[in-house]
Amino acid sequence: MSAEGAATERFRLDGRVAVVTGACGRLGPVWVEALLDAGARVAALDLPDVPVPPALQRLLERHGDALRLYHADVRVRETLEAARERCETELGPVRILVNNAGIDQPPGPAQTWTLDQVPARQFHDVLAVNVTGAFQAAQVFGAGMVAAGDGAIVNIGSLYATVSPDARLYEHLDLDPPFLKPPAYGASKSALLGLTRYLAAHWGPHGVRVNSLSPGGVRGGQDPQFREKFEARVPLGRMAEPADLGGPLVFLASPAASYVNGIDLRVDGGYAVW
Ligand SMILES: NC(=O)c1ccc[n+]([C@@H]2O[C@H](COP(=O)([O-])OP(=O)(O)OC[C@H]3O[C@@H](n4cnc5c(N)ncnc54)[C@H](O)[C@@H]3O)[C@@H](O)[C@H]2O)c1
């Protein structure tokens, strides 16, 4: 095998079982598809009562036994343990965890507060999913990896773990009070990067690598003015497309990253360089 071929082979995930939390949102199916394409079997986890998006439905139909959907709330440890049991029985022992479940603004009435009035409850609810939930999923799925001396955890962070949201991106919305990207969101993602380093230090000696992948803004239903202002700040001149994200995930999850531990891989088109 050529040196190039050998390197390429190291991106394969054949025979590995991966768990993706929050799999029924916008990015969940992107991660799930990338892992399946690399050869992994995948357990997609999300809350009960969340509709299965068409992109995930198509993957469920196409990949049959290699993809399962289980209910689990990352805030409730027993639901994660129940999902792990089903996953181990139906797919095999978990060696990859993608901590993707996350909330930006908790469900509820539209924002009616100024920064000094943001309710502590709202702040707490974001941290409960984005940080404590990720920690709990790492506990439940990481223990088996540590025991086996083999595993990779990828925590999905955000550009806003590194830089603050720019309030000027939202000025054109002309709302009173002005729109606030929830302060807890960036705080939670920064905390997730800290947790990543902690777990990388503690579980690295046991053969489990822990890294984060931080997407920049992903093109979705943003209004044209927001998009124009956002893209003007990105050296690559555009928002991320889903296709930009799968490769970096597979890299971190695979033997191609066998000496990569404790980093944050920003996939932001260079937004944070200036
Ligand atoms: N979309 C982006 O532009 C973007 C950019 C940077 C980072 N991210 C991060 O990527 C991840 C996915 O983002 P998305 O755009 O798909 O979000 P999304 O809101 O579309 O999906 C999030 C999913 O998480 C699930 N979820 C929420 N609370 C949960 C809980 N307690 N337990 C289990 N599942 C729960 C939701 O049901 C939903 O399916 C998040 O961590 C987000 O912060 C997204």
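1. Axes here are lines fitted to C-alpha atoms, for helices over the stretch in contact, and angles run from 0 to 180 degrees between N-to-C directions. Two packed helices are described by the angle between their axes and the distance between the axes. Helices (H or I, at least four residues) and strands (E, at least two) are DSSP runs, numbered from the N terminus.

2. The model is predicted: local features need pLDDT of at least 70, side-chain atom pairs count only at pLDDT 80 or more, and totals for chains, interfaces and linings use all residues. Residues are numbered from 1 along each chain as its sequence is written.

3. The chain has eight helices and seven strands. Its C-alpha atoms fill a box of roughly 55 × 45 × 40 Å, taken along the principal axes. For 274 residues, a compact globule would have a radius of gyration near 19 Å, and the chain agrees, with 19 Å. That radius is taken over C-alpha atoms, and the globule rule is 2.2 Å times the number of residues to the power 0.38.

4. H2 and H3 pack with their axes 9 Å apart, at an angle of about 25 degrees. H2 and H3 are therefore roughly parallel to each other. Angles under 35 degrees count as roughly parallel, over 145 as roughly antiparallel, 65 to 115 as roughly perpendicular and the rest as oblique. The crossing of H2 and H3 is left-handed; a crossing has this hand if the near helix is turned anticlockwise from the far one by less than a right angle, and is right-handed if clockwise.

5. On the H2 side, Gly28, Pro29, Val32, Glu33 and Leu36 meet Ala55, Leu56, Leu59 and His63 in H3. Two residues are in contact if their C-beta atoms, placed from the backbone, lie within 7 Å. The contact of H2 with H3 divides into six nonpolar, two polar and one charged residues. Ala, Val, Leu, Ile, Met, Phe, Trp, Tyr, Cys and Pro count as nonpolar, Asp, Glu, Lys and Arg as charged, and the others, Gly among them, as polar.

6. Helix H2 (residues 28-37) also meets helix H8 (residues 246-253): their axes come within 9 Å and cross at roughly 55 degrees. H2 and H8 are therefore oblique to each other. Val30, Trp31, Glu33, Ala34 and Leu35 of H2 make the contact with Gly246, Leu249, Val250 and Ala253 of H8. Seven of these residues are nonpolar, one is polar and one is charged.

7. Helix H4 (residues 77-90) packs with helix H5 (residues 120-148) at about 35 degrees, the axes being 10 Å apart. The H4 and H5 crossing is right-handed. Arg77, Leu80, Glu81 and Arg84 of H4 are in contact with Gln136, Ala137, Val140 and Phe141 of H5. By class, the contact of H4 with H5 has four nonpolar, one polar and three charged residues.

8. Two loops deserve a look. Asp176 and Pro177 are joined by a cis peptide bond, with omega about 0 degrees, and Pro177 is in the loop between strand E5 (151-156) and helix H6 (183-203). Asp49 has a positive phi, near 75 degrees, although Asp49 is not glycine; Asp49 lies in the loop between strand E2 (41-46) and helix H3 (54-63).
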